[in-house]
Amino acid sequence: MPSPFPGMDPYLEAPDIWPDFHQAVALEISAQLNRTLPLPYYARLGMRPEIGVIGDEDLQRIIRDEPLRHHFVEIRDASRGHVLVTLIEIVSPSNKRPGPDRHAYEAKQQEILQSESSLIELDLLRGGQPLVGGPVIVEAASRLEPRPDYLVAVNRAWQRGADLEYELFPIRLEEPLPCIPVPLRKDEPEVPLDLQYTFHQAYDGGPYARGAVDYGAPPDPPLGPDRADWLIGCLERWRKGSISPA
């Protein structure tokens with residue numbers, strides 16, 4: 001059953017739901033790209049461990065027997081020693097909170113920006129402190145009107161200069177997710193990546209509409225009062241169209 005929302009589902013942003021959705025999105029992105037990338041390029045899933053955090057005020061740590069897995073997607077060139085061509089990062093809740101997971105993300109971000117690889121960053125989380133693109137892009141995005149809920153940024157390796165040029169895709173919660181370009185090498189055609197299609201595939205194949213998400217409670221983080229009617233309307237239409245409403 002489709003999500004109740006036209007774009008990103010705000011209920012999937014909760015720290016206890018996000019890791020499963022994060023992995024599903026990374027898998028779908030990798031699968032999509034392996035159907036559309038020209039040879040000799042290929043996409044593969046990568047992973048690094050995260051500690052994870054919950055809570056906006058006390059930043060309480062979640063200590064687990066096993067760390068969370070932060071998944072990302074790499075595009076590599078099989079004809080050139082499998083060199084990394086483009087990295088696609090998906091921001092996690094703990095990346096947007098102070099601590100080791102944010103430091104690890106920022107370190108990888110700077111490593112790629114100083115390399116010959118392109119970088120795509122997907123921030124589909126409303127909460128936390130922005131970090132996509134680093135301080136210059138964070139400041140530029142903060143001045144956008146209307147203020148975006150989500151941000152996708154594409155940084156092409158061959159366009160880097162003093163200002164670290166980015167192609168930004170600001171997204172409001174009420175809007176569908178965009179189709180973005182995936183850069184490979186300079187003067188080569190870029191490959192489209194439909195993020196809304198990716199979302200639908202990840203959602204439809206997941207447990208979210210089957211009871212894993214409580215759509216009877218407020219989303220986490222909560223929406224402002226200006227969106228209360230919009231939220232109710234989305235959920236009511238979804239329930240009317242479902243056989244077994246959540």
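## Leu-33 and the nonpolar core

In this predicted model, Leu-33 is in contact with Ala-43, Val-73, Ile-75, Ile-88, Val-182, Val-191 and Leu-193, once its neighbours within four places in sequence are set aside. Leu-33 also belongs to the largest nonpolar core, which comprises 65 residues, and is listed with Met-8, Leu-12, Phe-21, Ile-29 and Leu-122 as the residues that touch the most other members. Helix α1, spanning residues 18-36, supplies the largest share of this core, with 7 residues.

## Aromatic pairs

The structure holds 9 aromatic pairs. One of them joins Phe-21 and Phe-199 in an edge-to-face arrangement, with 5.6 Å from centre to centre and 65° between the planes. This pair links distant parts of the chain, as Phe-21 sits in helix α1 and Phe-199 in helix α4 (residues 195-204), 178 residues apart. Both Phe-21 and Phe-199 are buried, and Phe-21 is also among the core residues that touch the most other members.

Aromatic residues also group together elsewhere in the list of features: Phe-5, Tyr-11, Tyr-215, Trp-230 and Trp-238 form one aromatic cluster.

The structure holds 15 salt bridges. In one of these, Arg-156 pairs with Glu-190, and the closest N and O atoms are 2.6 Å apart. Because Arg-156 lies in the loop between β7 (150-155) and β8 (167-171), while Glu-190 lies in the loop between β9 (179-182) and β10 (191-194), the pair ties together parts that are 34 residues apart in sequence.

With a relative accessible area of 9%, Arg-227 is buried. Salt bridges that share partners join Asp-149, Arg-172, Glu-174 and Arg-227 into one network. Within this group, Glu-174 counts as partly exposed at 29% relative accessibility, and Arg-172 is likewise partly exposed, with a relative accessible area of 23%.

Note on methods
Residues are numbered from 1 along each chain as its sequence is written. This is a predicted model: local features need pLDDT of at least 70, side-chain atom pairs count only at pLDDT 80 or more; totals for chains, interfaces and linings use all residues. Side-chain values use heavy atoms; hydrogens and water are left out. A nonpolar core is a set of buried Ala, Val, Leu, Ile, Met, Phe, Trp, Tyr and Cys residues joined through side-chain atoms within 4.5 Å. Buried means under 20% relative accessible area, exposed over 50%, partly exposed in between (1.4 Å probe, protein chains only). Helices (H or I, at least four residues) and strands (E, at least two) are DSSP runs, numbered from the N terminus. Contact means heavy atoms within 4.5 Å. Rings of Phe, Tyr and Trp (its six-membered ring) pair if their centres lie within 6.5 Å; planes under 30 degrees apart count as stacked, over 60 as edge-to-face and the rest as tilted. A salt bridge is a side-chain nitrogen of Lys or Arg within 4 Å of a carboxyl oxygen of Asp or Glu.
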